[in-house]
Amino acid sequence: MTSAPTPPVTTTAGALVDGDDTPLAQRRLSRLEKRAIATKGKLTSPWASGLAIIMAILWTIPSIGLLVTSFRPALDIRRSGWWTVFGDMFTGDAEFTMENYETALFGQSTNLASSFVNTFVVTIPCVVIPITLALLAAYAFAWIDFRGRNVLFVAVFALQVVPLQVALVPLLSDYVSWGVNGSFWTVWFSHSIFALPLAIFLLHNFMKDIPASLIEAARVDGAGHVQIFFRVLFPLLVPAIAAFGTFQFLWVWNDLLVGLTFLDPAYRPLTVAVAEMAGTRGGQWHLLTAGAFISMVVPLVVFLLLQRFFVRGLLAGSVKG
Amino acid sequence: MDWLPDWITAPGTTGEKFSVMFVAIVLFVVIMAVLLFAIDRPKRVPGWVVAAAFAGPAIIFLGYGLVRPALLTVWYSFLDRRGNEFVGLDNYVHAFTTSQFQQVLVNTAIWVLAVPVVATLIGLVYAVIVDRSRFERFSKALIFVPMAISMVGASIIWRFVYEFRPDQPNVQQTGLLNQVLVWLGLSPQQFLIGQPWNTAFLIVVMIWIQTGFAMTVLSAAIKAIPDDIIEAARLDGLSGLGMFRYITVPSIRPALIVVLTTIAIVALKVFDIVRTMTGGQFGTSVVANEFYTQAFRQNNQGLSSALAVLLFILVIPIIAYNVNQLRKSEEVR
């Protein structure tokens, strides 16, 4: 993180995490670290463990309620609280069903299956395009000398704090005049742009951390910028790309504002569809809970599989929006 | 764009949707590849051409899609609702003087103050506790999960917690919170309707989400405190709360500032939660929600632009505080 102009919100968050996430298993433990682990073992107190677990469970109860409810028959949901199923399971009265999910996914009026497809179609280009553009720009800012480089970089960096609300109305009138309003092209374009400041900034920091001697050596061997970028830098940047990619994937997946503003109802993503269900069928909890869970299942899987990248990306990108 | 086949702008089936997605990605990749190939072939290319090929596309995108619209929005904020007539600061005056918008501003202020303070406090306490607990990874993961899901999903989870049933003998509460009230012998409440406390119940949702962020950053900072400092403090007889107050908190000051300001910015822009839980009714609206309503429901371009600009202006003091505090803590060292 060398040439960051001012102490920015994101660098510090990024740096804090970077310090922490070298996996212990990958390098040999020094004596000090072994001692630290040993003392830690002595220091864990049963009180702290108990308190930590209780709080973690309290934190999870609301989500459990949603998950349990989504599998209960609609009539039961209206009649009794979800916590009663735990008692009913002993007496054998608890009933579970997949019907809520079937109705939510394939029902005539809800049709979340099509929203699920839309969310994928929205999200994938919105990850690929900004990462590619940002990688190239970050390379230019880090390793190509040109006039006005620092001024431009500071400008890009500063754009991170611009709330995307300021861009929505003018962009929408552009899309209308181009005749693409309501189509997927609008969100691909918008999300890609909104992602760039953060992406360029993060990837630039990672690129700057690569030793200059490596690039010099490649240059001496006669490699041009394009070759250096693809042969030398790209392989080293895979973790950074994964971190930002995970962040961006989830950001777009979970976004409501951009999808709501630009997309035609026929192409509405899950978040928009579920938010709409909450507005028009506030009392139909069997559909709402199933719908909400359908919209959450992919982020949860990503979270479980890519926890390390995910946490790093989320922390680094948390001011976005 | 009439010359394009229909499915490019208006795909109907799932297959067409994925095809147009594929086309978009391939188109993008081909353009970028041609660009890079073009500058890589000739032996002597001037430096600025290479720089333009690498940085140019991103700069053009940003200039066209972010800077230009932002400037336009600033201009629109001085125009009337249709964008025809110059009205000076009228939109801003309206936003600050009508009682409806004053409520919106007060609500936003409450969000910006309450969410970061409470979430950071809980996150800090939890980070300290979990540091000495046995199931550290597992507990941390559970607290962090709300960060992974959408705010729409989180809002639905909590709407269900707050669900209200009329207080009648044979009606059972289905919302957990009201059931707890009933178990305690109290009468159930309409949490999302009763003013002014409903804003507080919306804020709880954001705190629930952001605590995981605060906890993760602060926990990393706590682990980075050098062992010898802790050892020295222990030899001086510090322990428990004293250690927390005089060693832990001062050592992680920069991290605390980053967490506070980051969450404050997120809270300032809150939209999804308010829209999903109350739709901004019952006196819960905030600036970002009002922006959406004015821009796309009321079609008041002037006022909505003023609100968007206001959001941007309100970010600046938070960033300034962040930069200022971080400078200070660097001077101390």
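Hi everyone, let's start with chain A: the C-alpha centres of its domain 1 and domain 2 lie 32 Å apart. Keep in mind that this is a predicted model, where local features need pLDDT of at least 70, side-chain atom pairs count only at pLDDT 80 or more, and totals for chains, interfaces and linings use all residues. As for labels, residues are numbered from 1 along each chain as its sequence is written, while chains are lettered from A and ligands numbered from 1 in the order in which they are written.

In chain A, domain 1 covers 25-97 and domain 2 covers 112-316; such bounds come from an automatic or database domain assignment. Where the two domains touch, six residues come from domain 1 of chain A and six residues from domain 2 of chain A. By contact I mean that the C-beta atoms of two residues, placed from the backbone, lie within 7 Å.

Which helices of chain A each supply at least two residues of the domain 1 side? They are α3 (46-70) and α4 (74-79) of chain A, and the largest share, four residues, is from α3(A). That side of domain 1 of chain A has four nonpolar residues, two polar and no charged. Here Ala, Val, Leu, Ile, Met, Phe, Trp, Tyr, Cys and Pro count as nonpolar, Asp, Glu, Lys and Arg as charged, and the others, Gly among them, as polar.

Stepping back, chain A has 17 helices and zero strands, with helices (H or I, at least four residues) and strands (E, at least two) taken as DSSP runs numbered from the N terminus. Of the 321 residues in chain A, 49% are buried, meaning that 20 or more other C-beta atoms, placed from the backbone, lie within 10 Å of the residue's own. Among chain A contacts between residues at least 6 apart in sequence, 77% join residues at least 24 apart.

Now to chain B. Its domain 1 is 6-90 and its domain 2 is 91-332, and the C-alpha centres of these two domains of chain B lie 34 Å apart. Twelve residues from domain 1 of chain B meet twelve residues from domain 2 of chain B. On the domain 1 side, helix α3 (residues 47-76) of chain B gives the largest share, three residues. That side of domain 1 of chain B includes five nonpolar, three polar and four charged residues.

Finally, how many residues of chain A are in contact with chain B? There are 104, and they meet 100 residues of chain B. The chain A side has 73 nonpolar, 28 polar and three charged residues. Thanks, everyone!

Conventions:
Buried ≥ 20, exposed ≤ 12 C-beta atoms within 10 Å, placed from the backbone.
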